[in-house]
Amino acid sequence: PNPPPDPLPSPLGRALSIHAMEETPLVSQKFRPSDKVSHSFESLDYDPIHSFIYVKEIKAWTVRQFQWLQLEQWVVTFLIGMTTGLIAFGIDMGVKYMNQLKYDATWSLLEEYDYSYWVPSITYISICIGLVMVAGFMVAFLEPVAAGSGIPEIKCYLNGIKVPHVTRFKTLVCKAGGVMFSVAAGCAVGKEGPMIHSGAVVAAGLSQGKAESLRCDTSLFRGFRNDEAKRDFVSGGAAAGVAAAFGAPIGGVLFSLEEGASFWSQQLNARTLFCSMVSTFTLNFFLSGTTAGGQWGQLSEPGLISFGSFSDQDLPGYNVFQVPFFLLIGVFGGLIGALFNWINEHLTVFRMKYIPVARPVLRFVEVLVVTFVTAVACITISLYASECVPIDADDVTNGMDLKHWQLKCGDNDFSDMAAIFLTDQETAIKNLFHAKSNFTYPTLVIFFCIYFLLATWTYGMAVPSGLFVPCLLLGCTMGRMCGQFLAYLLPSIDIDPGTFALIGAASVLGGVVRMTISLTVILMESTNDITYGLPIMLTLMMAKWVGDLFNEGLYDIHIDLRKIPLLGWEPPRHMRKFTAADVMSQPVVILPELVSVSDVMEVLSKTSHNGFPVVDVNSHMLGLILRHQLITLLSKKAFRSPGENVLLDGSFYQTATIRDFLENYPQYPKFEDVSVSEDERRMLIDLTPFMNPSPFTVQPNALLLRVFRLFRTMGLRHLPVVDSTNRIVGMITRKELVHLEERYERTTAALPSIQAQ
């Protein structure tokens, strides 16, 4: 056999020489890194590494091994759905139990003190503060990433961005445990958003067969220990969370497709739907046996929140003459959503500057202050600003227990403010949807204004907080006002205010989050009535169009504020003006196929790059190798002596296997922990068996639109740029693609000064 080629000069020196030889485009000289991109977020490797050792092992597999792998996929999917349903059941039981204790204590004291309000008010406020202290402590001091709904973080993960700690077991405990206490404390939050995050964490953990934080490794499901397989399971877990939250398995699948997944396939679609169905069935089964009046196996409680049935309305749901009013409500919802997002964006900027994650005590104090204000507003307004409203006879017939909020009203009256403010949010929504008794306009206006401010203030503080239910409640109030007003104004048209409350709920939620298809199906499945599909869809589209005139959806706003390099569905409009040469990074640190250990140590110690092109003696690109692969090769001592030839049978010399790369996923050894002796530094590493020999590449003249689509659809982390002779000339990562318009405008403005110099 031919002797091995001599190792090339130092990779850093080679990088500098290549940079000197290549002509850098003018636009590339103008562009500077965007200040809207954080360098603390790394990308995930969704592009599989089909190295020689991987192909060699796959070729040795039997048909039975492939069948077993497919069976494992379905088993893991079933476990994810079932576990997510059980977690949802635990959260629901915890919230119901704590709410019952809180409201029973408040109402019993009201009766005991003959509706003297001081003692009941102080008791109610104290209970709320005590409950939220648990949620605030979990987030502020234990796991800050558990704050909020978690949907922006999961959206980023599915997009190909590694958000630290987002799928950790401790995050699941703080998210699921904290949301019980934050909801029970009466904060303007919901438990539906955190359920989506919880389902994703469950999927990320179960699919790997181990838990790093618990130092537990079952050695199961090793074939799924890579970013690509893990991503697919997380998609199913997020869908299962939606299904458990709303009893909407199809809506869950569409949510994962519309909001997160950058890759989709027919098999993934089937597994995700199966996961959602299992989650819904599991939750339904356990709720059916523990709900008052229910029976085990009756399966009458499909989700954490149920809007009740609209099919038994005395009046028809809607007619064609009401559609223009629905569109008008969509306009209102878009405006309200845009204002909600604008206020919350500025509050978030204030929090990031003055109440950062690094100051947990301040974050904890903020939680106590917000909850105190919320509890005071809730109890005082309900007791002092309510009006007594006659109970409609139909409400008595239909079992609407409005007398529960009677306070000092007469036997046939109820306090309309208490019916929506001094109760849990799900009950308030049902009252606004289905009560035939009219709510007074002052009550609806006061509640809407106060709750709007509380909801914008609450979202983003250091507690697990969903956004769906507060927005639905705000929309219900607005829609109910419109419905009652139109019923009074147009008595000749049969108008049901509850239907307008449903449309209003959809419009405000759509105006805040800017979702259309998945949200339509979720609301249809939650109401168990497909009749409302068309007006809900039209309303959501109108709300999105109006809201987009002013700002982005709230999830996208929070992603931008955290400077996460998210790639949207569509490329920016300026991208069609550029080519790969305009944005590629130079110089590129390259490695020869046969590299010395000392050179590898030098590259890893002096650079933070995660991907390195592998080249031959003529600088022709042979493949791509990742940083964690190099560290694994160093830790496994996969070296060879300088004078040692490859084996006579032509196979590659190697002392590392596929199992070595899988056993530490996703927490690979750190470079600082690698120990190499002086003698070992003079040895060589053959990178050929371990590199990806066929990575995606583009030429410098490739349109940036093509580059964007490769990153967005294939989930790439690195994209080498090669010339016509396959010589490496640059490297593109997702950070070069985000905020291109802002960078272009900023650098174009600076061009005259550059030319003057």
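**Reading charged pairs and cores**

Reply: Arginine 717 has a relative accessible area of 13%, so this residue counts as buried. Please bear in mind throughout that the model is predicted.

Me: With which residue does the side chain of arginine 717 meet in a salt bridge?

Reply: The general idea comes first. Side chains of opposite charge can pair when their charged atoms come close. Here the partner of arginine 717 is glutamate 42, at 3.5 Å from N to O. Glutamate 42 is partly exposed, its relative accessible area being 32%.

Me: How many residues apart in sequence are the parts that this pair ties together?

Reply: They are 675 residues apart. Glutamate 42 belongs to strand β1 (residues 42-43), whereas arginine 717 sits in the loop between α28 (704-714) and β12 (719-722), which is why the pair links parts so separated in sequence.

Me: How many salt bridges does the structure hold?

Reply: There are 17 salt bridges in the structure. One of them brings together the side chains of lysine 544 and aspartate 548, with an N to O distance of 3.1 Å.

Me: Where do lysine 544 and aspartate 548 lie?

Reply: Both are in helix α21 (residues 533-548); because they are 4 residues apart there, about one helical turn separates them. Lysine 544 is partly exposed at 25% relative accessibility, and aspartate 548 is partly exposed at 39%.

Me: Are arginine 682 and aspartate 679 buried or exposed?

Reply: Arginine 682 is exposed, with 53% relative accessibility. Aspartate 679 is likewise exposed, at 54%. The side chains of these two residues form a salt bridge of 2.5 Å, N to O.

Me: Let us turn to the nonpolar cores. Which residues have the most contacts inside the largest nonpolar core?

Reply: A core is read as a set of buried nonpolar residues joined through side-chain atoms within 4.5 Å. In this model the largest one has 151 residues, and Phe246, Ile429 and Leu467 have the most contacts inside it. Apart from this core lies another, of 28 residues, including Leu604, Val614, Ile658 and Phe690.

Me: Which residues does isoleucine 429 touch, not counting residues up to four places away in sequence?

Reply: With those sequence neighbours set aside, isoleucine 429 touches Ile305, Phe307, Val469, Leu472, Leu473 and Cys476.

Technical notes. Residues numbered from 1 in each chain as written. Predicted model: local features only at pLDDT ≥ 70, side-chain atom pairs only at ≥ 80, totals over all residues. Heavy atoms only, no water. Buried < 20%, exposed > 50% of the residue type's maximum accessible area, 1.4 Å probe, protein only. Contact = heavy atoms within 4.5 Å. Salt bridge = Lys/Arg side-chain N within 4 Å of Asp/Glu carboxyl O. Helix = DSSP H or I, 4+ residues; strand = E, 2+ residues; numbered from the N terminus.
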